[in-house]
Each structure stands twice: as C-alpha cells, then as structure tokens.
Number of protein chains: 2
Amino acid sequence: MDRREFLKGAGLAGGATAATALTAPAIAQGTMELKMVMPWPKNFPGLGTSAQRVADRITALSDGRIKVTIYAANELVPALQEFDAVSQGTADLYHAPDYYYAGKHPAFNYFTAAPLGLTATEHTAWIELLGGQALWDELNAKDKVKPLLVGNTGTQMAGWFKKPIEKADDMRGLNFRMPGLGGQVWRGLGMNIVSLAPPQIFQALSSGAIDGTDWVGPWNDLAFGFYKVASYYYYPSVVEGGAALTLGVNLDVWNGFSKSDQALFHAAALTENGMMYADYTANNGAALKTLVTQHGVHVSRFPDEIIDEIGKIAPDVLASVAKDDIGKRVYEFYTKARDQMRGWTTIAEPQFIAARQRILGT
Amino acid sequence: MDRREFLKGAGLAGGATAATALTAPAIAQGTMELKMVMPWPKNFPGLGTSAQRVADRITALSDGRIKVTIYAANELVPALQEFDAVSQGTADLYHAPDYYYAGKHPAFNYFTAAPLGLTATEHTAWIELLGGQALWDELNAKDKVKPLLVGNTGTQMAGWFKKPIEKADDMRGLNFRMPGLGGQVWRGLGMNIVSLAPPQIFQALSSGAIDGTDWVGPWNDLAFGFYKVASYYYYPSVVEGGAALTLGVNLDVWNGFSKSDQALFHAAALTENGMMYADYTANNGAALKTLVTQHGVHVSRFPDEIIDEIGKIAPDVLASVAKDDIGKRVYEFYTKARDQMRGWTTIAEPQFIAARQRILGT
C-alpha cells in the first residue's frame, strides 16, 4: 500500500469513529508528510518565504498532523518542472505561477497574469467569486492537479534595461526575459523573448546574453541584484497588473483529503494570498528608495507612445488563447470579469492615493 | 460550571490524551457554540454576508466542532453596543468596524480607517507585518477583547449629498452622518457631524434630519436606497482609503482556545479579510453603473479645493489621537508604516490601472 492509499484508508477509518454526546467525536487521522516544490531559492524574499509561511500555517491549522517539506528550485526536480512533478506524483504540492507551465495550455497564463488584465484584488474576486475557480479546476483536471490561489506579488515593474527606453523603437532587437503572454506582447514590439528559470536570470543579464529582464518589483529585484548590471528600471508593467501564485495539489492527494482538510488547504492558501500581497506592499517602498538613493537606478514611467503600442498588440495576444473550447471560455469569462470591475477600480483607490499624495507630498 | 469553564476543561483533557504511533493523536474536544453580534442586518450585502461567510468557514475548518450563531443589529444587543457585549461576555464575537467604539479610546479609529491613512492592502500589511497587531492587542486588552482583522470594504465613496458640492463652502452648516476621525475632518470643514447606527441612516436622510451621509460604496449604498433621497455622490473619500472590519473575540474565550484553534480563528478571519475586499471589488462596478444609468445619480470627483481643505485639517485630527502613551505609539507606528509604503503604492497599481483604462477606454 503506498502512502496515498494509506492516507485514504486512515480517513475512512476516522470517519467511522463513533461520536459521544457533549464531547465531539475524536477522529483518528493519519499524519501526512507532503512534499512542496517551487522554482525559487529557499527563503527568497516574498516568494520562498511565502511558501514557508503557507507550509507553517498548514501545520499549525492541523495541530501538527500535516507537515510540508519544501524543496527549492532544482532540489527535487529541475526548475520549471514543478507542475509536471505534482501532476505525476513526484511531489504533492507546488508553489509557483501557472504561466511558467503555459506549454500545457496557453490559458494557464490567465491564472497568473494577462496583459491589460486584473489587479491582485480583481484576480481574487475572479477566482473566488466570479467563476474563475471552476474554469481553473477544469483546465487542470486532465493533468490531475487541483489549483488553489496562494498569493500575488501585486503590480509588477515592467523591468530592467541596460539602456534608456525613450520610444518603442528603442526596444527593437533587444533580447529580453519575460514569461507568459506579456512576453508575446513584447515580442510584438520587436524584442527577442527568451524564457529563463529564475536562478539563471542574473547570470544571463550579467554576461550580456540578454539586454533586459522582467522580474517582479523593487523588493525582489534588489535581492537579485539586477541594479549591478542594469540601470534603467521602468513602470508600469501594462502586462502584469498583478501576478498570482498557485498552490497546486496533486489531485489524488486532494481527493484523499477530508472535507475539513480541503477547507484547511483552501483557507491556508487564501490567507497566504493576502499575506503575500501585503508583504510586497510592506517591502517594495523601502526597496525602491534604496535602489534610487543607494544604487543610482533610474526609475521612469514608460512614455505614452509605448503604452499605446502595447494597446495595439495586447488585445490580439489575449484573444490568441481562445483557440479551443476551454481557452475560449477562460478568455471570455476573464475579460468579462475585468470589464465588470474596472470602472470602480479606476475611480476608487487610485483617486484616494492621488489625493493622499497631493496632500502629503512625495 | 459555566460554558467557558467547561470548554477550558475539555481542552485540558484533550491535551492529555495519549498519542499512538503512526496514527496521530485523536484529541477529544468539546463542541463550542459561539454568539456573534454585528451592527448590520442579517445577510446585508458585503457586511452581513461577510459575517456569515466567516462563521461558515470556522465551522468547516473545525469539522463542525465550532458553531457560530449570528445576531443582527438590535437582536441580542442594541446596535453599536457590540464591543461592550463581547467585552462583558454577553456575546463571544463581534463583526464590526472598531471606529464605532472610538469612545473607548480615539486610537480605535486607526484600526478601521484614518484620514490620509492606509489602503486595504496597506492596512493588512500594517496589522500583520509592521507591528499593528501588537498595538491593537495592547489597546484592547483592558476591555478583555482579542481583535482580529476580518475584512475591508476597500476605498469608500465620500458620500451622498442632497445638493451639489462645488466648493468647500457648500458644505458649511450641513448635517452629515460620518463616524470616526473622518467625521472630525468634516466637522473642520464646517459640517455638523452626527453619529447614527446603520439601521437609522436612511430614515434620517429621508426625513431631512441629515443633509447627507457617508456609508460605504456603490454596492452597499444601492442596497440601502440612498439614491431615492439624495442625488449627488462624491469621491474620493480622502478620509477612508479603506475601512477595516474587526472580528473581536472575548479574551477569556480566546485564551481558552488551543493553539491550533487560535490559528484557525486567525486564518478564518484573514481569509475573510481578502474575501470581503474581493466581494466589494466584484460588485461595486455594476452597482455604480446601475446608480448612474438607472437612477440618475450624479457621480463626481471632489474639486481640488476641497481636497486641499481636507489637507489643512486632517493632520491635526490624526495627531489628536496621540493624547496618551498608547495613542502616541499607535499614531507614530501607523503614520510611519504609511510613509514607508505609499511611495510604491502610488506608482504601482494606479499607473497600471491608468494605462489599462487608457487602452481599453471607459
């Protein structure tokens, strides 16, 4: 009997334990030891620390009954093979953005980030309240993965360049690292887009193999040291208004959970969804200041011409996902949810933030 | 033996149950039935539904061991006496914004909303990562309440008026409903500020007892029907960049929980913190459209003159909380956290949202 069969057996036995009056039933359950893989270094700020925090919360919520062991990039499986590892049962859980695995289906991109897509909170609303989870489950079922929303970096920076980007033409011919549909938009602007696992990016930028890179935002980018080899840092990332992270669970493991353990994993993941976004919000400001004042980084807004060029390319890139039935439905539900929410999103928080900044100064 | 003593006893007995090998210990624990009070109608969109959702999640996470019964405004205790009820043990839990109870200490305001204060995500970061929880615990301990962050409405609208507000002088002498420090800012602009429990507001506005009111945002305000008696609806609410909700737990009940039940309540509350904000994000857009297109509401941005007038008054209102040691520390930590975060908050999501809107149109 393998471990999963054992756990299922234990669950059934537990369910059959008789309840006494007044004192609730004590359900005997097996301890579980689960393996979590991720494409980042252990304790990497924001990402590795998030994986650790959700693992710790699962253990705390289960009173020590469920233990999660975390494996960094390349420790148990090669970086970017996390999804396959969980699909095949080599690992039980992964903590990663689904657009790293868009080779499975381009609709995976919509569960991380899409050009002209959703902010972090809009993404949570889409997954949890506006039908996203059902489509996500359907998209992942054939690979035997149950996806849960576990985090968001918030709006990302557009990225690092070795030279100033003053007009769209300055991008043409550059070698740039960018995953997902965002990479396809940049390709439309004439850049050569390369796919690199996180541990490879700094070396590639340093050696000149690439001329620029997207990563995340000030906190993470400071940690990776990109300022040592590139000085021009641009926003807004029109292609990543937020980037969601997935807690992928092997579907057999998930189906072996009791209803309350499924609720536990769902709550642990959703709690971390808010915590990760809060963590980036807490730390990006100071990191941005450090990059500018201590490392002389030039932080600039892309000119409107580049935003308008993105606007000419992005809609076709988004629609390209609608190549089959599930892709079509993901595309339609996602853009419908976005258009339902963005009127309010545009006047609410940004207008408050602008008024606050007007009064308090920079 | 009262119920709390019984629960503590059950917890101790459970802790002493022997563990067997391989199969984890089955800890015998008493079932708990907890009473939650709130100042809103049952199932009121966003607020009452949030209380129900967190209650349901607590039950699901505890596998039915913990049941929460919800009491609407005036059902178990009069509206606005929720904090006292939990402090005194008449109820176990409350779901409400702490600024309703600022009579206890003006620093309570900082745990809901402050003028020029924090957005929803900044608030989560402050409570969970930047020292807010410890100050909040300290502020509540003498009243025997353990506070947990359980939700946020996101940025609110400034409110409803019966006549257009084109300059600061148009506000002078109006009777306006607004709780918290925001009310003190409006008082500084010459309005007469009244405190009304949620169930009283519509009638007061309808009868002319008040000339205007803050409430929440399009979704909630549509549900309360304010458009029937006022037509002018303004943003931004410079005084409520987000409004946080508290799950207040009677401290004896909290201290009687096992460590894993404390983790359960913390995770259930934090999960709901994100869910409530997502719920408002999902629903405000359509409600705003309904108010404008079906009910002829005039939605306008306050002119800069009013924002600048707020800027002259708000800093003193904020500092007025620093009247004693705990007030001083809450004020200092809160404003320090804000100033650490707002540089990034200003360029990140708002710039993405502006670019998205530029491309997609309104």
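In this predicted model, strand β3 (residues 93-96) of chain A runs antiparallel to β10 of chain A, the two being joined by four bridges. Strands count as paired if DSSP finds at least two bridges between them, and helices (H or I, at least four residues) and strands (E, at least two) are DSSP runs numbered from the N terminus. Within this pairing, Tyr94(A) has Gly248(A) as its bridge partner. Strand β4 (residues 145-152) of chain A also pairs with β10(A) in the antiparallel sense, over seven bridges, and here Asn152(A) partners Ala244(A).

How covered is strand β10 (residues 244-250) of chain A? Seven of its seven residues are buried, where buried means under 20% relative accessible area, exposed over 50%, and partly exposed in between (1.4 Å probe, protein chains only). In a regular strand, side chains alternate between the two faces of the sheet. Here Ala244(A), Thr246(A), Gly248(A) and Asn250(A) point one way, while Leu245(A), Leu247(A) and Val249(A) point the other way.

Next come the charged pairs. The structure holds 42 salt bridges over all chains, each a side-chain nitrogen of Lys or Arg within 4 Å of a carboxyl oxygen of Asp or Glu. One of them joins Asp261(A) to Arg65(A), with the closest N and O atoms 2.9 Å apart. This pair links distant parts of the chain, 196 residues apart: Asp261(A) lies in helix α10 and Arg65(A) in the loop between α2 and β2 (66-71) of chain A. Asp261(A) is buried at 2% relative accessible area, and Arg65(A) is buried at 13%. Another salt bridge, between Arg342(A) and Asp339(A), has its closest N and O atoms 2.7 Å apart. These two residues are separated by about one helical turn because they sit three residues apart in helix α12 of chain A.

Where the two chains meet, the contact (heavy atoms within 4.5 Å) takes 82 residues from chain A and 83 residues from chain B. Trp344(A), Phe352(A) and Arg356(A) supply 11% of the area that chain A buries against chain B, more than any other three residues; buried area is the accessible area (1.4 Å probe) that two parts lose on being put together, summed over both. Six salt bridges connect chain A and chain B, including Asp304(A) with Arg358(B) at 3.4 Å, N to O.

Residues are numbered from 1 along each chain as its sequence is written, and chains are lettered from A and ligands numbered from 1 in the order in which they are written. Local features need pLDDT of at least 70, and side-chain atom pairs count only at pLDDT 80 or more, whereas totals for chains, interfaces and linings use all residues; side-chain values use heavy atoms, leaving out hydrogens and water.
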